[in-house]
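Welcome, and thank you for taking a look at this structure.

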Amino acid sequence: MSRIVVSLGGNALGKNAAEQKELLKNVAVPIVELIKEGHEIVIAHGNGPQVGMINLAFSESLSTPDMPFPECGAMSQGYIGFHLQNAIGNELAKQEIERSIASIVTQVIVDVNDPAFQRPTKPIGTFYNKEESDNLAKTMGYTMVEDSGRGYRRVVPSPLPIDVKEKEIIQSLLEANHIVITVGGGGIPVIRKGNTLEGIAAVIDKDNASAKLAELIDADMLVILTAVDNVYINFGKPNSEALEEVSMDRLTKLIDEKHFAEGSMLPKIKATMEFAKNNKIAVIASLNNAKEAFKLQAGTIIRG
């Protein structure tokens with residue numbers, strides 16, 4: 001039996017709530033297979049598109065007060081967690097398996113002096129064309145960047161996670177044989193102020209948060225499920241190469257050669273390397289290949 005942290009990419013969960021619910025029905029199947037095999041499962045998820053849409057909806061509303069960004073993150077944890085609980089719970093019931101699932105509203109502690117606050121890089125929300133992007137930058141004061149040839153997106157600070165406030169609760173639930181959904185969207189970023197915690201406007205990369213959580217709960221394996229089958233170098237070019245099993249040394253060299261985008265694949269690579277360095281296994285694969293990825297038969301495999 002292994003303890004596995006499964007990290008689901010926000011961009012891979014569809015463009016709206018209805019699409020997300022349908023996609024998660026398929027995701028639930030291989031996760032339930034892991035549960036049947038006796039593995040302890042922790043599920044994390046992204047929220048870049050979702051939290052951006054929530055924030056923008058409040059910002060554009062003429063009748064609703066603006067909503068602080070940490071609260072938007074908490075909202076996304078709630079509704080994505082509900083969809084995950086529902087999809088996995090329904091698949092468990094279909095297979096007549098009695099297990100409980102809990103979504104934890106999770107606070108992740110960051111350093112207020114993290115240099116990321118001075119250099120926003122984390123894309124959130126939907127894609128825009130150049131004209132729309134320029135208008136948002138002008139009217140809303142957003143920082144907008146071009147994202148991997150797919151259009152323009154808003155970027156916000158993405159500080160590194162230091163600790164997970166609810167880690168003891170997560171550990172207790174796992175020990176009681178429950179399935180846990182946590183660090184949604186990378187967790188709600190909070191900073192220490194004396195003896196208190198206070199939310200701050202940022203999005204922690206969910207892969208960094210997943211890797212930190214996996215370390216804190218001593219997981220055996222970290223699986224990042226995203227929208228692409230593998231990590232690629234020279235992505236989208238005639239000489240593109242899908243990486244299958246890759247060494248830490250080669251990944252370090254590829255990072256130095258700037259093969260991976262800061263707001264896209266680079267955080268996934270760094271998160272998996274950070275986790276795998278302690279003689280662990282990490283995988284980056286597509287949602288469609290989840291079943292094979294869990295068996296180390298698909299995706300990009302990184303071993304420590």
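Predicted model: local features only at pLDDT ≥ 70, side-chain atom pairs only at ≥ 80, totals over all residues.

Two strands count as paired if DSSP finds at least two bridges between them. Helices (H or I, at least four residues) and strands (E, at least two) are DSSP runs, numbered from the N terminus.

Residues are numbered from 1 along each chain as its sequence is written, and side-chain values use heavy atoms, with hydrogens and water left out.

- Strand β10 (residues 188-193) runs antiparallel to β11, and four bridges join them.
- Within that pair, Val 190 has Gly 199 of β11 as its bridge partner.

- β5 is joined to strand β7 (residues 152-156) by four bridges, and the two run antiparallel; Pro 123 stands opposite Val 155 in β7.
- Angles run from 0 to 180 degrees between N-to-C directions, and axes are lines fitted to C-alpha atoms, for helices over the stretch in contact.

- Is strand β1 (residues 3-8) mostly covered or mostly open? It is mostly covered: six of its six residues are buried, where buried means under 20% relative accessible area, exposed over 50% and partly exposed in between (1.4 Å probe, protein chains only).
- Arg 3, Val 5 and Ser 7 are buried on one side of β1, and Ile 4, Val 6 and Leu 8 on the other.
- β1 pairs with strand β2 (residues 40-45) in the parallel sense over six bridges, and His 45 in β2 is the bridge partner of Leu 8.
- β1 also runs parallel to strand β12 (residues 221-226), joined by five bridges; there Ile 4 has Met 221 as its bridge partner.

**Helices packed on α3**

- Helix α1 (residues 17-36) packs on helix α3 (residues 69-94) at an angle of about 50°, with the axes 8 Å apart.
- That angle makes α1 oblique to α3: angles under 35 degrees count as roughly parallel, over 145 as roughly antiparallel, 65 to 115 as roughly perpendicular and the rest as oblique.
- By class, the contact of α1 with α3 has 13 nonpolar, two polar and three charged residues. Ala, Val, Leu, Ile, Met, Phe, Trp, Tyr, Cys and Pro count as nonpolar, Asp, Glu, Lys and Arg as charged, and the others, Gly among them, as polar.
- Helix α2 (residues 48-60) packs on α3 at about 125°, with the axes 9 Å apart, which makes α2 oblique to α3.
- Residues of α2 including Val 51, Ile 54 and Phe 58 meet residues of α3 including Phe 69, Met 75 and Tyr 79, where contact means heavy atoms within 4.5 Å.
- The contact of α2 with α3 divides into eight nonpolar, four polar and no charged residues.
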